[in-house]
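Thanks for coming. I will go through one structure today, starting with a sheet and ending with the cores.

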Amino acid sequence: MRAHAALDRLIADAESNQRCFQPTNNAERKAATVRLKRRIIVRPHRNVYARAEYWQSLDAAERARHVIKTLSCQYPGRIFAGISAAAILRLEYPWALHDGGHVVLASSHSSRAQRTYRKIRRIHMADIPVREVRYMRTSGGGIGLVVTRPGETVRGECLDLVRITSPARTLVDCGLQYPFASVLAMYDSALRRGLVVREEIIAVCDGLSVDCGPVFRLLHYANPLSENGGESRCRAVIIEAGFVVPDLQQVFVDPHHTGNLYRVDFAWRLHDGRIVVLEYDGMAKYVDPSMTKGRDVRGVVHAERMREAVLQRAGVTTVLRTNASEVRRRDPLIRQLEDAGVPRARAHCWLGG
């Protein structure tokens, strides 16, 4: 009974600090084994546990952060890289990149000389640019994070410390490993939040003896004006389909009420004078109270129609709408753009102007 009571305290402490838990002695390990067999708890990684109901409430990125923070407590010397570092930095990307639940470590030694575990992958780098991410208790009682170089001091209560590769190195590694459409959101969000500047990414590439073409392509198209990962992925599909790159977050003025400004996600001003606008609709727009402003779905749709009417008064010729499902399937989005007359780029040379 004492072991189970101690386990309950471990679980409560872990969940309050947004991490998994680890048994600290044999009695707790035996108690954890009993609950694991009964499926009361789950084991997402070796010696890493979580309450099953709590674990199911987390998205894939948050699960990765929970595991990484727990492993950092167990192995303070580990440096997390690639998609694991991206998760800790809270960059935006498709959660499918976490399929398999693997953890990525930076290693300055040959991976062949190291013991391995099936859920651990390593990126070899001769010189590891380390950053420390501190999870701090905020004044409001929540948890925030601060990214520093090793040795820098930070005021406040530090709950957890995770060592990762620098944002620039993280972006380069992910850019070399994953498809363009999956990583553009990472670059957009890192630039938008000021975590990195383009010159730092280029400097990392200069120090590598690999073809960094995919990274330079991402840098060419990365845009901090993209407001979220969904918009970034939508733009990536537009680019990969060969369309002219749209302008982002363009503002239109209602000619009847010049104080009313309407900002759109994507806009194309065509040579014949037409203006085509594309709006990306996330599901939160219809269900998140902070975005619906108390309206039901019918009210949100009515507001959309009123908005489209204002945009047309402001000179917009065509208003298109898309969503995550259409972006994922690609063809519905591409057909809309083709039907609206959005031109294909004359050349796909992303190194040019």
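Before the sheet, one term: two strands count as paired if DSSP finds at least two bridges between them. By that rule, strand β5, residues 130–137, pairs with β7 in the antiparallel sense, over seven bridges. Within this pairing, Glu 132 stands opposite Arg 163 in β7. Please keep in mind that this is a predicted model.

Now the sheet as a whole. Three strands make it up, in the order β6-β5-β7, and the sheet is open, with antiparallel pairing. At its edges are β6, 143–148, and β7, 158–165, each of which pairs on one side only. Neighbouring strands here are turned by 25° against each other on average, direction ignored.

Next, the overall figures. The protein has 15 helices and 11 strands. It has 353 residues, and 47% of them count as buried. Of the contacts between residues at least 6 apart in sequence, 58% join residues at least 24 apart.

In soluble globular proteins, nonpolar side chains tend to be buried together. Here the largest nonpolar core has 62 residues, and those with the most contacts inside it are Tyr 93, Met 186, Tyr 187 and Ile 201. Helix α7, residues 180–192, gives the largest share of this core, eight residues. What is Met 186 in contact with, leaving aside its neighbours within four places in sequence? The list is Ile 83, Ala 86, Leu 91, Glu 92, Tyr 93, Leu 97, Leu 171 and Cys 174. Apart from this core lies another, of 19 residues, including Ile 238 and Val 327.

Terms used
Residues numbered from 1 in each chain as written. Predicted model: local features only at pLDDT ≥ 70, side-chain atom pairs only at ≥ 80, totals over all residues. Heavy atoms only, no water. Helix = DSSP H or I, 4+ residues; strand = E, 2+ residues; numbered from the N terminus. Axes fitted to C-alpha atoms, helices over the stretch in contact; angles between N-to-C directions. Buried < 20%, exposed > 50% of the residue type's maximum accessible area, 1.4 Å probe, protein only. Contact = heavy atoms within 4.5 Å. Core = buried A, V, L, I, M, F, W, Y, C linked by side-chain atoms within 4.5 Å.
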